[in-house]
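Take a look at the model below. We will walk through it one region at a time.

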Amino acid sequence: VFNIQTDAAFNVSGCSYWNFSNAGLLRKTASTGTNVLSSGVNLSNSGTLDVESGALNVIGNYTFGAGSIEIGIASLSTYGRLIFSGNATIGGNFTVKFLNGYRPHIGNSFAVISYNSRTGAFSNISSLELGGLALTPNYSLTSLTLVTVEDVPALLSSATRIGDGTFQFQVFGATGRSYVIEASGDLVSWVPISTNITGGQFIFNDVSSTNAPHRFYRAVSNQ
């Protein structure tokens, strides 16, 4: 465990660069300022990078590897942030931790990661559901922002088989959320048939169902 408890900078001295390879836990706590990893510090993360307060500004090279990122949120203005001055190559797991019993309100947003440019996206984002509320990840050209929305379970209704033999039904989901439509023939094994569908009210047509005598459907939040 490497626990950062001050806002000191990481600078190179006596050589042109040095490699900071984290295979365990690199954590920033107890300070609300910014730690700067200078251009000569190459950060490689195959473990867990946990920023619970303040910011970690990575100016040098950053390699994500198979690691994970955790961000702590203690209030609307006190939360961990990652800053990449260059391109951020993003992947792997991302987890949000709510600290000291904090619970956001609908409309609250948290710009947790900023970058000059971005490659990729997190393959798994967890701990975003809060019982009636949820955080929706929004990628922009320069940041990843988590926006608090109402967590409304998707409702499926008016299922029917139309003239071409496919099943069609209506979906009522939360605005701002995305969903995966899954199908099953036995209510045991579920197969995704459409991903990243934006919420709200829409009609879904299952074009792969022409040979199915019957099918069950569900819409699963993709956050």
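How many of the 7 residues of strand β18 (residues 178-184) are buried? The model is a predicted one, and in it the count is 7 of the 7. Strand β18 is therefore largely enclosed by the rest of the structure.

Look next at where the side chains of this strand go. In a regular strand the side chains alternate between the two faces of the sheet. In β18, Ser178, Val180, Glu182 and Ser184 point one way. Tyr179, Ile181 and Ala183 point the other way. Both sets are buried. Note that Glu182 belongs to the buried residues here.

Now find the partner of β18. Strand β21 (residues 216-221) is joined to β18 by 6 bridges. The two strands run antiparallel.

Move on to the cavity. With a cut-off of 30 Å³ or more, the count is 1 cavity. The largest cavity has a volume of about 40 Å³. Its lining is made up of Tyr62, Phe64, Ile69, Phe84, Ala88, Thr89, Ile90, Ile113 and Phe122. By class, that lining divides into 8 nonpolar residues, 1 polar residue and no charged residue. Which strand gives the largest share of the lining? Strand β10 (residues 81-90) does, with 4 residues.

One of the lining residues is Ile69. Strand β9 spans residues 68-73, and Ser68 is found in it. Is Ser68 buried or exposed? Its relative accessibility is 14%, and buried means under 20%, so Ser68 counts as buried. The side chain of Ser68 makes a polar contact of 3.3 Å with the side chain of Thr48. Leaving aside neighbours within four places in sequence, Ser68 is in contact with Asn45, Gly47, Thr48, Leu49 and Asn93.

Finish with a residue in another strand. Pro137 has its place in strand β14 (residues 133-139). The relative accessibility of Pro137 is 16%, so this residue counts as buried by the cut-off of under 20%. How far apart are Pro137 and Ser109 in space, C-alpha to C-alpha? The distance is 9.7 Å, while in sequence Pro137 and Ser109 are 28 residues apart.

How values were computed:
Residues are numbered from 1 along each chain as its sequence is written. This is a predicted model: local features need pLDDT of at least 70, side-chain atom pairs count only at pLDDT 80 or more; totals for chains, interfaces and linings use all residues. Side-chain values use heavy atoms; hydrogens and water are left out. On a 1 Å grid over the protein atoms alone, a cavity is a set of points where a 1.4 Å probe fits but cannot get out, and a pocket is an open set with protein on both sides within 12 Å along at least five of seven lines; lining residues have an atom within 4 Å of a point. Grid points are joined across faces, edges and corners, and a volume is the space filled by probe spheres set on the points. Ala, Val, Leu, Ile, Met, Phe, Trp, Tyr, Cys and Pro count as nonpolar, Asp, Glu, Lys and Arg as charged, and the others, Gly among them, as polar. Buried means under 20% relative accessible area, exposed over 50%, partly exposed in between (1.4 Å probe, protein chains only). A polar contact is a pair of N or O atoms within 3.5 Å; within protein, one must be able to donate a hydrogen and the other to accept it, and residues adjacent in sequence count only if both atoms are side-chain atoms. Contact means heavy atoms within 4.5 Å. Two strands pair if DSSP finds at least two bridges between them.
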